[in-house]
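This report describes one protein model for a reader who has not seen it before. Please look over the sequence and the structure before reading on.

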Amino acid sequence: LKTNRRGIPDEFKSLEGRAEFSYKMLWEMPSKKLVLHSYVVKNKSSGLHNVLMLSSVQPLLGVTKDDKFKPAIYKLYDFTKGGTDIVDQRVGLYSCKSKSRRWTMVAFFFLLDTCRVNSGTVCFLNQKKDPRKGNSFDFGWKLGMQLFLPLIRSRPVNGLSRPVIADPT
């Protein structure tokens with residue numbers, strides 16, 4: 001979060017009287033569903049810097065000793081945030097996306113790519129294989145064939161070339 005956001009208490013915004021690696025936490029009282037964390041670190045260029053994080057995870061108390069006394073909630077965030085990067089990496093290898101000015105087509109291509117990666121992950125996990133080591137191209141090819149071959153078979157065969165009529169699987 002940025003420190004100029006509305007609703008952040010002044011004692012969380014201010015760095016006066018706070019030492020490096022100091023940590024404060026504040027949560028909403030009735031339900032404790034939202035927790036605001038403030039952690040002070042020292043930058044090489046600008047000195048002390050306030051790092052704010054708003055989380056819906058239950059308050060995790062404690063700090064890590066191996067990583068500059070970083071609060072446990074920040075370490076949990078760092079550990080779990082890699083999912084999006086991995087999906088983007090796997091989508092980037094084999095994508096069905098093409099250039100388009102229509103945002104609906106771009107969104108559709110994104111959905112197709114994300115669905116392929118997620119279904120491949122589920123399939124590999126069901127087979128007790130590591131999704132990162134599975135062949136994403138082969139899975140995408142088989143998935144595509146399973147999706148469009150029934151449509152091709154339901155159409156009349158007149159006018160289609162021989163390789164399309166034959167079953168490639």
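## Start of helix 5

At the start of helix 5, the backbone nitrogen of F137 lies within 3.1 Å of a side-chain oxygen of N135. Helices here are DSSP runs of H or I with at least four residues, strands are runs of E with at least two, and both are numbered from the N terminus. The model is predicted: local features need pLDDT of at least 70, side-chain atom pairs count only at pLDDT 80 or more, and totals for chains, interfaces and linings use all residues. Residues are numbered from 1 along each chain as its sequence is written, and side-chain values use heavy atoms, with hydrogens and water left out.

## Course and packing of helix 5

Helix 5 covers residues 136-154, 19 residues in total. From its first C-alpha to its last it reaches 28 Å, close to the 27 Å expected at 1.5 Å a residue, where the expected span is 1.5 Å times one less than the number of residues. A kink of about 35 degrees lies at F148, shortly before the proline P150; the bend is the angle between axes fitted to the seven residues ending at a residue and the seven starting there.

S136, F139, M145 and L149 are the buried residues of helix 5 (under 20% relative accessible area, 1.4 Å probe, protein chains only). These buried residues pack against helix 4 (103-126).

## Strands 2 and 3

Strand 2 (residues 35-43) and strand 3 (residues 47-55) run antiparallel and are joined by 9 bridges; strands pair if DSSP finds at least two bridges between them. V35 has S55 as its bridge partner in strand 3. A hairpin of 3 residues connects strand 2 to strand 3.

## The whole chain

The protein chain has 6 helices and 3 strands, in the order α-β-β-β-α-α-α-α-α along the sequence. Of its 169 residues, 21% are buried.

Conventions: Buried < 20%, exposed > 50% of the residue type's maximum accessible area, 1.4 Å probe, protein only. Contact = heavy atoms within 4.5 Å. Polar contact = N/O pair within 3.5 Å; in protein donor to acceptor, adjacent residues only side chain to side chain.
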